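Subject: Structure handover

Hello,

My notes follow below it.

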Amino acid sequence: MTSPAITRTRHRVLPDSRRVLAKPYLPGEETLLPGQSRAHLLMTRILAIPEAEVAALNAAIMQRFDGRHRHFRQMLERQFDALAAHVPDPAAVSAERRLLIGAYFTHEYAVEAAALFNPSIVPAPDQSGVANGSLRFIMSLRAVGEGHLSSIEFRTGVLDADAGLTLDAPGTNLVGGHRTAPGYFKKTRFTTKLLELGAVNDLSSSVMNRLGGQFTLEELEASLSGLEVHGPPPAVWFETVKIIRMLASSNYVTTFPADSQLAERVIFPAGPNESRGMEDARFVRFTADDGGSTYYATYTAYDGFSILPQLIETQDFVRFTISTLNGSAAQNKGMALFPRQIDGKYVMLSRKDRENLHLATSNDVHHWNEVVELYRPQHPWELLQIGNCGSPIETEAGWLVLTHGVGPMRRYTIGALLLDLADPRRVIGHLREPLIEPHEDEREGYVPNVVYTCGAIVHGERLVVPYGFSDAGIAVAHLSLADLLEALLASGSAGSLANSRHRA
């Protein structure tokens, strides 16, 4: 049976270089002989500007940039506060000069100037005021700007009773979140990750032994200070301390102004593991056994050399908790959490070997060790590799999993699997042909010949699939859920036999 027919909508979300985020600009990475940093030299020059000229410079800056950023003046003041330690006498600096210093150490970053793609979609937590039969949604997007640096953006909109889609205007004043340390770290989780990083030794053990089962960042720093003062020579403890601090800073909270629109919020890389990007967030609304819900997203953290899966948690899309994932199954790209526990366990799709689909289970959403192979590529359009395209969707027929397959000429297409509802280790259907292929007008872009999604949604009788095309933008397709399930069940015997053979 061929794949069911899909309907592409008229919607296109395209990169817009006018959407800019004001970020700190610190030129201190470069030094000039005999060793002073550029930041130090810049600060000296700013402090030498005559006071009579400062107000005029600020007026020009405000005229050019104030309307492009929310609370721009306060933003510059905060940037000065972050730099005050590098000013010889900050109390003596006038209010106008403080703003000027803040402006010199700030720059605009066009978050989606290079590419915008790979969306996921979930129901919004607030459905008040929505017409009967309609659904307000949140769509996450991967945005790429200067230096191929990926961040996470959002869009909002409404699906009507017939799966007709309306996108809200995205807003123009982008805002970054305010980063803070988590309230506490769990000692068992922290120590497990140190072991994975190869940093468990006598030195790290002495640091951890001084801490309780839960500890704050301040308590961790106090324990580290004790090691630095009373421990071995600096050359011995330097690497261990660096890894401990790196791990601590990879777990953080980012909070956005409550008066900002969701489509103005940008989760920008802040931890060391993601210093070169946060890639392909797969958001899912997770429902607990007591009926409460939390939004999770797995994403790929990239530091320029290695990749690691990490986790985002939020209740309201205002406050986001970012944390590392632990365990031997938490490897490589493309982890996607099931929307509820099965038999008392969290369940996650993964691609730990880069090529095949795996299924991981755990008692702890942050720690993954139990993993089995789920499915290997069978068909020509997926032979290079297969992976998931977002969290599984629960249906009466089974767990619907959208997949991406890579075939000749590195062409990406979207397919589908169906997993047994009670035992998702069992594949009961797999489309023999792609569900969505790059349309002729979707082939050109930053990465050509690609369609890819990080999550779809069922609304009424339709499956709605936002997808990125060739990293050039985002389109939307929808299709009959019943037709897709019928096609998957009709293909079941081949998929099930193949699955049994590969698990044997």
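Contact here means heavy atoms within 4.5 Å. Bear in mind that this is a predicted model.

**Arg-282**

Start with Arg-282, in strand β16. Beyond its neighbours within four places in sequence, Arg-282 is in contact with Ser-120, Tyr-296, Ala-297, Thr-298, Gly-334, Met-335, Ala-336, Asn-388, Cys-389, Gly-390, Tyr-452 and Cys-454. Two of these residues also meet Arg-282 through side-chain polar contacts. One is Asn-388, at 2.7 Å. The other is Tyr-452, also at 2.7 Å.

What about charge pairing for Arg-282? Arg-282 is buried and has no salt bridge. The nearest side chain of opposite charge belongs to Asp-280, 4.8 Å away.

β16 belongs to an open sheet of 6 strands. The order is β11-β14-β19-β18-β17-β16, and the pairing is antiparallel. β11 (178–180) and β16 (278–287) are the edge strands, each pairing on one side only. From one strand to the next, the twist averages 25°.

At the β11 end, 3 bridges join β11 to β14 (residues 252–255), and the two run antiparallel. Thr-180 stands opposite Val-253 in β14.

**The 4-stranded sheet**

There is also an open sheet of 4 strands, ordered β6-β7-β8-β9. Its pairing is antiparallel. Which strands stand at the edges? They are β6 (115–123) and β9 (165–167). Each has a single partner strand, so one side of each is left without a neighbour in the sheet. The twist here averages 35° from one strand to the next.

β6 pairs with β7 (residues 135–145) over 7 bridges, in the antiparallel sense. In this pair, Leu-116 stands opposite Ala-143 of β7.

**His-69**

His-69 lies in the loop between α2 (51–65) and α3 (72–83). Is His-69 buried or exposed? Its relative accessible area is 4%, so His-69 is buried. Leaving out residues up to four places away in sequence, His-69 touches Val-20, Leu-21, Ala-22, Met-75, Glu-108 and Asn-173. With Glu-108 there is a side-chain to side-chain polar contact of 2.7 Å.

Best wishes

Terms used:
Residues numbered from 1 in each chain as written. Predicted model: local features only at pLDDT ≥ 70, side-chain atom pairs only at ≥ 80, totals over all residues. Heavy atoms only, no water. Pairing = 2+ DSSP bridges. Axes fitted to C-alpha atoms, helices over the stretch in contact; angles between N-to-C directions. Buried < 20%, exposed > 50% of the residue type's maximum accessible area, 1.4 Å probe, protein only. Lys, Arg positive; Asp, Glu negative; His and termini not counted. Salt bridge = Lys/Arg side-chain N within 4 Å of Asp/Glu carboxyl O. Polar contact = N/O pair within 3.5 Å; in protein donor to acceptor, adjacent residues only side chain to side chain.
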